[in-house]
Amino acid sequence: MNKHSLFPERGPAFWWTGFTALIAAGTIFILFVSLVIESVPVFKSQGLSFLWGADWFAGEAYGALPMIFGSLMVTGLAVVMVLPFALGSAILTSEFLNGRLRLVVKAAMELLAGVPGIIYGLMGIAVLTVWVRDVFGLIDGNTLFTAGLLLAVMILPTVMTLSEDALRSVPGEFRDTALSLGLTRMEMTLKVVVPQALPGLAGAVFLGLGRAMGETIAVMLVIGGIDRIPQPWFNLFAPGQSIPSKIGREAAEALGFDVQWSALIALGLVLFVMVMTLTSAGNLLLRRAR
Amino acid sequence: MPARFSRKVILGLALVLFGTGVFLQIGPGGVTHALAQDSTVIRIAGSTTVLPIVSRAAEQFQTRNSSVRITVNAGGSGVGIHGTGTRRLDVGLASREITSKEKNRYASSRLNTTVIGRDAVACVVSSEIFDSGVRSLSRQQIGDIYLGKITNWKQVGGPDRKIIVIDKEAHRGTRHVFMKYLFGKSNARAPGARLVTGSNNEEQAKIAQSDSAIGMLSIAWINNDVVGIGIREGHQVIKPTLKNVRAGRFPIARNLNLVTAGQPRGVVKQFVNYLLSKEGQVFVEVSGYIPIRSPQLMSQVAGSHSK
């Protein structure tokens, strides 16, 4: 083993790509460190009770639990609602549609994936809240469920189109072999293609999950905006608050000032850690499953 | 690539859609002014109640003074005061007074308020509730609704329907004034609330969509779907009309303020004076508020913001 084994070639390409990779990784690192530093004051004044306090009133108390709960709830809901539709349409597009039609569907989905949150938010406030209220016979349509549903619609194109890519990248020989062994097309898809594409599918879901968890404006407009855990907690048809929505509502007022600002940054830190944990836990589970 | 392209197009559309509420960049050739070296920029943001007056006035002011560019943003009174206190804004808009806490916090900025108009905060309900007969409520009743002690319209003479209580973000001017009237404390809590909204537009939209909501709104924002109800005091009902506010009868009145760090100077002073001029005061009137330069009102402006 010589000393160059880790980086066998050190030409200009190595240095350039190394530099860009360092910038990319460094950005995440700096972001994390500054989140930690800026959130120190709130942990100093509230202790760890910041994390499980259920009461948030600017200037008096800062408890993040309702926001953490709300974020997990709407994101979980969105993923559960999106999975069957995203996977179903991905399988159809990848395995059953011919080339031309497939391109049309893909293009439409990619177009949809680029629509910014505010558009969904406006549709949500104008249509979805009223629709949810009337269909479910609620007194008001600004609920955790509405936010989850809106997020599901928002992440559908992302999850669908990335899932389709993952399915598509399974080599054709696998399909040919499966079919020649006498499997039906459906069996081939479910028993051969999907398992092969599992890491890619999981990646698609995690990317969608990340977007759902971080979505601010669309959620802010339909979630109700109240920092409260519903009674009972599984009551999805009650208003609530998510972390980004809370930050969106209070940030301009607290910008760079006081414990309130620190509390909002700490919320951001919690969100950061949540997304990181979920993603790495997902990857870990996946590696173990294989 | 198509995805990215579409994102830009739609983002542009979104900006246009939200231009009125979120970001107003006013004035003929605003962009060229932005690029011109010698243009002076006045940065304004804050209360969505004061915003319509100032954006109208800014438009006129800019046509007269081509070297001045004015940006007007929303955000809420708290944002206006905070922004001025931290010197990120030249003028903050506030539909409430500066709290003593805020005064201490930004002591070094020596915050100064200039009153440009008068307004009142009405208790508003969905039109369905008004039509079903709830035309007025007492302070006690509204307070109990916000505390969660009264939860059904039936309890105050309305239909048998749950009350959707709409609260506002804590720093909003309208909330400060309304809570001060209800509970004597501008940062009182409202445990009975179901929804929290931000700008006047947002609150207006949510109340209009509902058939059983109650909220608080500047009288200029009242319309057919969002109806202002009377305040009952003893046997007397005081309706939220400009006439009653002008006469000093309506109990939840307030000043509309411009906040500056110290006395306004230079171009900012010119703009503030323009708003106070006879011509500037017209924008106060057309926005649905009460000008301070009408003789009936001068006596009140000196007094406190709620009777």
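This is a predicted model: local features need pLDDT of at least 70, side-chain atom pairs count only at pLDDT 80 or more; totals for chains, interfaces and linings use all residues.

Me: Which elements make up the secondary structure of chain A?

Reply: Helices (H or I, at least four residues) and strands (E, at least two) are DSSP runs, numbered from the N terminus. Chain A has 12 helices and two strands, in the order α-α-α-β-β-α-α-α-α-α-α-α-α-α from the N terminus. Its C-alpha trace spans about 70 × 65 × 30 Å along the principal axes.

Me: How many residues does each chain bring to the contact?

Reply: Contact means heavy atoms within 4.5 Å. Chain A contributes 37 residues and chain B 35 residues. Buried area is the accessible area (1.4 Å probe) that two parts lose on being put together, summed over both. Here the two chains bury about 3,300 Å², with 57% of it on carbon and sulfur atoms. Of the area that chain A buries against chain B, 20% comes from A:Ile139, A:Arg249 and A:Glu253, more than from any other three residues.

Me: How many salt bridges cross the interface of chain A and chain B?

Reply: A salt bridge is a side-chain nitrogen of Lys or Arg within 4 Å of a carboxyl oxygen of Asp or Glu. The rule finds five across this interface. The side chains of A:Glu60 and B:Arg189 form a salt bridge, at 2.9 Å from N to O.

Me: What is the second largest pocket, and which residues are the closest to its centre?

Reply: On a 1 Å grid over the protein atoms alone, a pocket is an open set of points where a 1.4 Å probe fits, with protein on both sides within 12 Å along at least five of seven lines; lining residues have an atom within 4 Å of a point. A volume is the space filled by probe spheres set on the points, which are joined across faces, edges and corners. The second largest pocket holds about 560 Å³ of space. Of its 25 lining residues, A:Ala58, A:Gly59, A:Glu253, B:Lys101 and B:Arg105 are the closest to the centre. Helix 5 of chain B gives the largest share of the lining, four residues.

How values were computed:
Residues are numbered from 1 along each chain as its sequence is written. Chains are lettered from A and ligands numbered from 1 in the order in which they are written. Side-chain values use heavy atoms; hydrogens and water are left out.
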